[in-house]
Structures are given as structure tokens and as C-alpha cells.
Amino acid sequence: MIEEPVPVKFFPNGLLGPGMQTYFDGFVLDMFGRDFLMKAPCLVKEMDWGGIRLDLIDKPWEAELGELLENWMKVIDYLNSSNVVATPVFSEDRDWVDFRPSEKWDVFLKNN
């Protein structure tokens, strides 16, 4: 997942999660599947060029931080069910987050 339409080199843990606005295309879109992304619990838009855009919230500049985090958690929980996104591992006090690679990402890395 990227927030800008530029080439990206992913880390060994894979896709870390959505930004405020996240675009999906190419092999990443294929890994998730179009139907799966269209059902994400956020604002979803199919783009003219064939990609899909997810927005965590309609007007993020008007949102409270807690609302943004709550929406991010809903979306990451949904995306995690696909076994594509790296699994977040939060500290007990939730001050930091680490990630481990997903099942599908491990397969992708082995094949590329």
C-alpha cells in the first residue's frame, strides 16, 4: 500500500497498513482481491485507472485523533483478515508497534 503513486520497495515484513488515504494497484490489489477491498469498513472508491482508494475518514482535518485511531484499527483489523498485511504487534501500553510478515507476504517474497 502506498500513499503516493511512486515505486516502493517494501520491507521484509510486507505491507504495514493503511494511511489516511491509501491506493491499491498491481500485485498488491491482486493479493487482496478487488471484492475484498470494496467491502473495507471505510470510504472506498474505484479509480478511473483501475485501482482502489481507501480513505480512513471523509475529512481527516476535522477529525479527533481518537476517531482517526479508531478508524485505523477497524480498517487494519479488516485488512489483517486477508493474510496480506503484516501483523501489528502492540506493546502492552500501546506506546509502540512492531510488525511481523503475513502468510501471503512470505509466499510473495519466496516467489520474487
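1. In this predicted model, three strands form an open sheet in the order β1-β3-β2, and their pairing is antiparallel.

2. The pairing of β2 (residues 43–46) with β3 (residues 52–55) is antiparallel and runs over four bridges. Within this pairing, K45 stands opposite R53 of β3, while E46 has I52 of β3 as its bridge partner. The hairpin that joins β2 and β3 has five residues between the strands, and G50 adopts a positive phi near 105° in this hairpin.

3. Across the whole structure, a search finds five aromatic pairs. One of them is the tilted pair of F27 and W105, with 6.4 Å from centre to centre and 35° between the planes. Because F27 belongs to helix α1 (residues 26–32) and W105 to helix α4 (residues 103–111), the pair ties together parts that are 78 residues apart in sequence. F27 counts as partly exposed, at 36% relative accessibility, whereas W105 counts as buried, at 1%.

4. F32 and F36 form a stacked aromatic pair, at 6.1 Å centre to centre and with 10° between the planes. F32 is buried at 7% relative accessibility, and F36 is likewise buried, with a relative accessible area of 18%. Both residues belong to one aromatic cluster, formed by F24, F32, F36 and Y78.

5. As a further point on aromatic rings, R94 lies over the face of F90, at 4.3 Å from the ring centre.

Technical notes
Residues numbered from 1 in each chain as written. Predicted model: local features only at pLDDT ≥ 70, side-chain atom pairs only at ≥ 80, totals over all residues. Heavy atoms only, no water. Pairing = 2+ DSSP bridges. Helix = DSSP H or I, 4+ residues; strand = E, 2+ residues; numbered from the N terminus. Phe/Tyr/Trp six-rings, centres within 6.5 Å; stacked < 30°, edge-to-face > 60°. Buried < 20%, exposed > 50% of the residue type's maximum accessible area, 1.4 Å probe, protein only. Lys NZ or Arg CZ within 6 Å of the ring centre and 35° of its normal.
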